[in-house]
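Reader: I have a model open on my screen and would like to talk through a few parts of it with you. Could we start with a helix and then move on to the contacts?

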Amino acid sequence: MEFWTGPQIRALVGKDLTIDSVQKALAFGIDDQEKSIGDDAGRRLLVLDDLGRRWRQFLDSGQSEALIERLSSESGYCDRMVRMDLEFISALLNAQAIQQALSSSLPGGLQSLGGFVKVGDEELYRCRPAGPVLTIGSGNSVLPVLISATTALATGNFTLVRPSASNREAIFQVFSMLEKIGDEETPLGSAARRMSNSCIVFYEQAGGDLLRFLMEKARIGVVNFWGADPALSEVSKSVSLNMNHPRLSLLGPLAGYAVVDRDADFEEAATSLAEAIIYYDQQLCSSPTEACFIGDLEQAKQFAGNVGKKLEEMTPEFPIVKPEYEIHLLQSARNLLKANGSELSLPSDWGPEWTLAVSEEKSNLDATVNSLPDFLLHARRRFLEIVAVKDGSDVLEKIRGLPDRAPFRGVLRVQTVGLAATRERFEALASLLCRSGAYRIIPLKEMHLRSPVEPFDGRHLARDFVDIIYIRHQAGGASGS
Amino acid sequence: MVDHSNDPYVQRILDLAADRSLFEKSPDQLLSLRKSLFRDLLSFLSTHSSHYRTMFERLRVDPKSADLQEDLPKVILSADTLRGEAWKSLVIDGVEQGGLVFSSSGTTQKEPVRIYRSPTDLEVMTRANTNLFEFVYGDVLKDGVALFMAAPELKDRLNFVAFVDMCLNRERIELIYGMKLLKGEGAPWSRLVQDRSKIVKFFKSRKEPKLFFTAPAGVFLVCKNFEEMSPLKRQLGRLIAGAPPVALRKQGVVVTGGGSKGIVEVPEYGALVKMASKHFLAQDREGARVPAPFMDVYGCTETLTAILSRFGSHGGLPHPLQHVFLVDPRTYKPLKESDGEGVLGFLDLHNTSFLGAFYPGDIFRSHESNLFYGQEFSFVRRLQASEGWSLQRACGGALEELMSRGT
């Protein structure tokens, strides 16, 4: 089995990562995790920062081209998209960003990792790792699994990382650089060695014996999983069998929703929406999967025309190759949408690269998917239906109802609302759409961007990876209840 | 209830389905006929169905001036749209009752494709397919005996079985079903077993011609079985069953349809025919011994008339009233040249219950032909649904980027 770890664990497990050898590694890891409590978390952040810097150099040096090509063929994303994904890694590993994230996530901030932090007159918090953490990644982007791994390591957890089939090569590449930092006899090198001995990256196919053992039997503190069904249910089921009762940290599957107000800057909104459609081929949980245009139908058609122009401009830079069956579904879906009354905006040669459908008041996608049950989210890459609605309350209704609709089967709720509106209208609409159940309401042009202080799907990820120890001193403390 | 069977359009289709002279017309004459029938069909559908009326309006297709080449691509759909009970919303208002609902085998784990054939459609299907079959066969069907490697219970459910059954019954050709459907649960195709006594009856029959209908896999399994026989077993076989070889007698023919049925060793068609030439024998019109001719049928649940080819003679020929065309697999724009490869689309003008225009989901090759259709078609492969793409949307997260504000 393909795996990577630090020198001390490698010496323990030998050449093969098996159920037996991983138990040795876990025993070592749990012990080491305990010993590291109180270590300077800032040092771990500096190691991650250096890793990010080296990753940047790796990308800039041109050595990453072969990797990009392979990731592109594994994921279906174009080279440019894969490069963009890999470029975000350096930002993700930035010490300042991680510090900001931990400070806003942990009660008592970053300091609570190193010792007790006063939170009341006689009350104190301290965060200690809840691990070992097993993080199971899925999907194409390298970022989700790396976000979890980085957060788990930064909070001092012994961390097992299982990337997905399509992103594993990049994940292994990142961690192999950690080993290089550890080769250096510097304080940073020493911290990197320690960190690499807190970590195992391995790849085993879903349903494999080791993965099953780790979820169902091993002494794991947290199981973190990003992904959708059927894997989501399988992971939940397996973890529920574990007598150690690990904490479940689940993320996804969610969807994004775009909203364009009649008074928005159409030019800017069109560019933003086109980018959100092109980036990651709408396969992120924040990607727009439907849009509402608040205004009349003619305005909506005009807006869609603008988005179409942007998509046409961007496509050569972000090419997409769709499999023949996906095209087959798409071409029939286009006919069905037209037959149901939608107006389509398409590439000039009718190619399958992108499709915009404009519908009045109600979505025509439901009827389309009713006729073509395979035309689900994964087959609707660079496809968007824009529904012209009268006002914000129509949008609210649509966002609330989205998870119950057949075209969005498997989506639990809307994660991100990308809103294009004037400042005043933005505030009014955001205030209204807070009732929609969406976790994020942000400008349309930033749908795919995260601030380090942002929670993940309504909660702070770092909190999933720590236990909060509470101390209350007797003198002047709270009275009993 | 409206009786559509007396509608002039339906009557015309019934007449045309029986018209053998269509096969003597030129490709241009037939195309012109199809163009005019396309308009008539759209008008008929528009008159008898609010669904189609609304649809044509939205697509800005005027039945009176509709153009076959320009407007057909707007209304054609994937056959996937026929899964489940979707056919119910596609048939015209007050559709003629008493027909049959045909279904695909359901081997793809998806809901089967289902389609309704009214009594008129069934009559049209029988007439048109018989005429096409006779053209390709090169003679009129009469007398003789046929072995069909299917079970009789399937004739009310599977399009191809129904069409063979109806055609042969109409021509009073004795039809022997070579398979039995076992009782029990599960898909019918998984409960089919050979009925050896019926097969032997066919082998021993002295009637002629003898027609053998089966999948290519069936031919292959018979050949393989014969080749593995010891000399003694062969002699015994000849004595008891009258084979090997299978004597199809004067004007006998093997008619294949369907694919390999999951049997991976089935050779490509030319090699299969060569393999079969030792085991299936026939005589020509004059009585000279020849390797059995092979005809192949392309058809699916959604096709009312088949595309028939004759090995060594010509490729697939549609019925004159079935408009068959290929589209570019990327843009789904019709190919301009007669010679090319693309996704097959068809409009079967014989349908009087709904708009029979579908992409079955197959890649075909076409080339120019001197025969009535002007083009011949050959099956290349089925469109593949790529594995793994459905896993793509599982990344669950959004990008993390250091943004200076919001901290």
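Reader: Which residues of α9(B) are buried?
Author: Keeping in mind that this is a predicted model, the buried residues of α9(B) are B:P216, B:G218, B:V219, B:F220, B:V222, B:C223 and B:F226.

Reader: Changing topic, how is chain A divided?
Author: Chain A has a domain 1 made of 2-252 + 457-472 and a domain 2 covering 255-446, and the centres of these domains, taken over C-alpha atoms, are separated by 34 Å.

Reader: How many residues are in contact between the two domains of chain A?
Author: Eleven residues of domain 1 are in contact with eleven residues of domain 2, and on the domain 1 side these divide into four nonpolar, four polar and three charged.

Reader: What about the contact of chain A with chain B: how many residues does each chain give?
Author: Chain A contributes 57 residues and chain B contributes 40 residues; on the side of chain A, the largest share, twelve residues, comes from α14(A).

Reader: And how do the residues on that side of chain A divide?
Author: There are 28 nonpolar, 23 polar and six charged residues on the side of chain A that touches chain B.

Methods. Residues numbered from 1 in each chain as written. Chains lettered and ligands numbered in written order. Predicted model: local features only at pLDDT ≥ 70, side-chain atom pairs only at ≥ 80, totals over all residues. Buried ≥ 20, exposed ≤ 12 C-beta atoms within 10 Å, placed from the backbone. Helix = DSSP H or I, 4+ residues; strand = E, 2+ residues; numbered from the N terminus. Domains from an automatic or database assignment. Contact = placed C-beta atoms within 7 Å. Nonpolar A, V, L, I, M, F, W, Y, C, P; charged D, E, K, R; others polar.
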